[in-house]
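Subject: Structure for you to look at

Hello,

Here is the structure I said I would pass on. Please have a look at it first; my notes follow below.

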Amino acid sequence: MSKSNQRDKFLQFREQFPYFSFEKQEYSLTSVGLSVTYTFNLSGKFFFYPRLFIPRKSFFLSDEVIRDKLDSIIFNIGMIELISYWKAACSPKLIIRPYYLSPAQVQWWKKLYFHGLGEFFYLNGITPGMEDFMEVEVSSLVSLPPLKYTLMDYLIIPVGGGKDSAVTLELLGDIPGSLPLIMNPRAASLDVLRAIGSREEDLIEIRRTLDPELLRMNEQGFLNGHTPFSALLAFISVLAAILTGHRNIALSNESSANEVTLTGTNINHQYSKSFTFESDFRAYVRDWISREINYFSFLRPLNELQIAEIFSQFRHYHPVFRSCNAGSKTDSWCGECAKCLFTYIILSPYLQDTELLRIFGKNLLDDYALKPLFDQLCGLAEDKPFDCVGTVNEVNLALCEIIRQKHRGEFPALLLWYQTSPNYHRFKRVDFRQHNLIIGNEHHLTPAYEKKLKTALNA
């Protein structure tokens with residue numbers, strides 16, 4: 001459907017569904033685990049009941065310690081969860097009923113919703129302003145003060161099953177008291193844990209369930225698209241910190257996530273992985289949830305090339321890691337998407353062709369059908385793919401290095417094409433090794449974490 005048709009639907013839905021309300025949250029803490037249910041209301045015509053469940057493990061603190069500390073974080077998880085449902089009709093008014101939000105909090109949420117839905121708005125032909133795309137009405141006067149809660153100096157490491165979280169797990173997972181966290185575990189994420197020798201009983205498992213009503217509405221033609229999933233993961237990791245008493249949360253987002261997807265705009269597919277969001281989130285948690293919690297990205301000073309270089313040494317993960325969204329249900333690399341092609345390119349300077357073949361099943365640089373994605377990744381097309389990929393510069397540097405060090409005779413099809421491009425002649429003069437020695441200074445790492453990261457890169 002064209003963008004103009006989608007824009008017309010957007011306007012019709014806003015008139016047909018004038019409000020979306022966050023009605024209530026309910027939770028129970030039992031011997032089985034923590035169960036959470038939200039109630040969302042789309043103008044009295046559709047109701048949604050998304051759920052979270054966290055199985056109880058031995059590392060849960062006692063009920064007496066945590067029972068009175070859950071309202072605030074569960075409410076805030078609801079505030080980010082609701083955006084998946086609000087976007088179906090983009091109601092002009094959002095009503096918040098469970099608890100009070102200050103004007104500063106309302107502005108914080110509007111900024112996250114607006115930039116986190118930048119891709120959604122663009123692909124649906126919607127051009128709202130940050131102030132007028134949504135009016136937030138807070139109907140409750142019951143406020144939730146920040147927690148007074150002393151946490152232990154232990155670590156939570158969210159694991160997704162890709163190379164980035166595998167690097168963080170390898171470098172930090174042996175710190176005493178560390179716990180991995182996985183939302184809706186799949187084969188790749190569990191296999192990454194097994195590769196390092198972690199036990200599933202030491203895993204913080206988050207089971208998130210979407211309301212099937214939303215999926216039915218998507219099939220019926222309601223608005224759909226990308227939402228800031230990493231922001232949801234951020235709030236859920238804070239809930240895990242409260243349940244376990246762990247102070248530190250180490251994400252695996254790199255500096256490359258800061259680059260916009262569409263040139264000349266602020267639209268970034270990875271907005272909720274960016275340094276801007278990380279800094280905003282840390283401030284929000286400090287001011288309105290708990291000053292004790294330390295949320296940061298361990299890999300933030302590095303770019304994708306540096307992470308790939310470190311990951312290339314950790315061969316026990318190579319047979320099991322997966323970064324392909326299309327192949328996530330079958331635990332495979334589809335070999336046809338931007339994420340597969342980018343991962344192949346970024347690892348190629350550090351792995352032999354035979355190793356890449358074992359991982360991906362084919363030489364993706366010899367598949368000329370991937371040329372449109374290839375051109376997007378290296379900046380020969382107007383925009384980058386809407387996917388979690390590195391910067392245009394990183395891709396070009398990797399391609400030039402592949403040509404320099406690996407291919408002396410016959411080149412695969414996409415590299416043959418690339419050598420005729422202006423980008424090849426521009427980037428082939430850049431010192432690849434020197435570029436990879438540069439570590440960013442825009443991060444929230446303590447000196448100890450920064451030292452551990454530099455040691456791994458130098459090694």
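At roughly what angle do the axes of helix 7 and helix 8 cross? First, the basis: this is a predicted model, in which local features need pLDDT of at least 70 and side-chain atom pairs count only at pLDDT 80 or more, while totals for chains, interfaces and linings use all residues. Residues are numbered from 1 along each chain as its sequence is written, and side-chain values use heavy atoms, with hydrogens and water left out.

Helices 7 and 8

The axes of helix 7 (residues 163-172) and helix 8 (residues 187-196) cross at roughly 25 degrees and come within 11 Å. Helices here are DSSP runs (H or I, at least four residues), numbered from the N terminus; axes are lines fitted to C-alpha atoms over the stretch in contact, with angles from 0 to 180 degrees between N-to-C directions. That makes helix 7 roughly parallel to helix 8 (an angle under 35 degrees). Ala166, Leu169 and Glu170 of helix 7 make the contact with Val192, Leu193 and Ile196 of helix 8 (heavy atoms within 4.5 Å).

Helix 14

In helix 14 (residues 353-360), Glu355, Leu356, Ile359 and Phe360 are the buried residues (under 20% relative accessible area, with a 1.4 Å probe and protein chains only; exposed is over 50%). Down the axis of helix 14 these buried residues fall within an arc of 115 degrees, so they line one face of the helix; the arc is taken from the directions from the helix axis to the C-beta atoms. They pack against helix 13 (338-347). Thr354 and Arg358, on the other side of helix 14, are exposed. Just after helix 14, Gly361 has a positive phi of about 85 degrees.

Regards

Methods
Helix = DSSP H or I, 4+ residues; strand = E, 2+ residues; numbered from the N terminus. Parallel < 35°, antiparallel > 145°, perpendicular 65-115°, else oblique.
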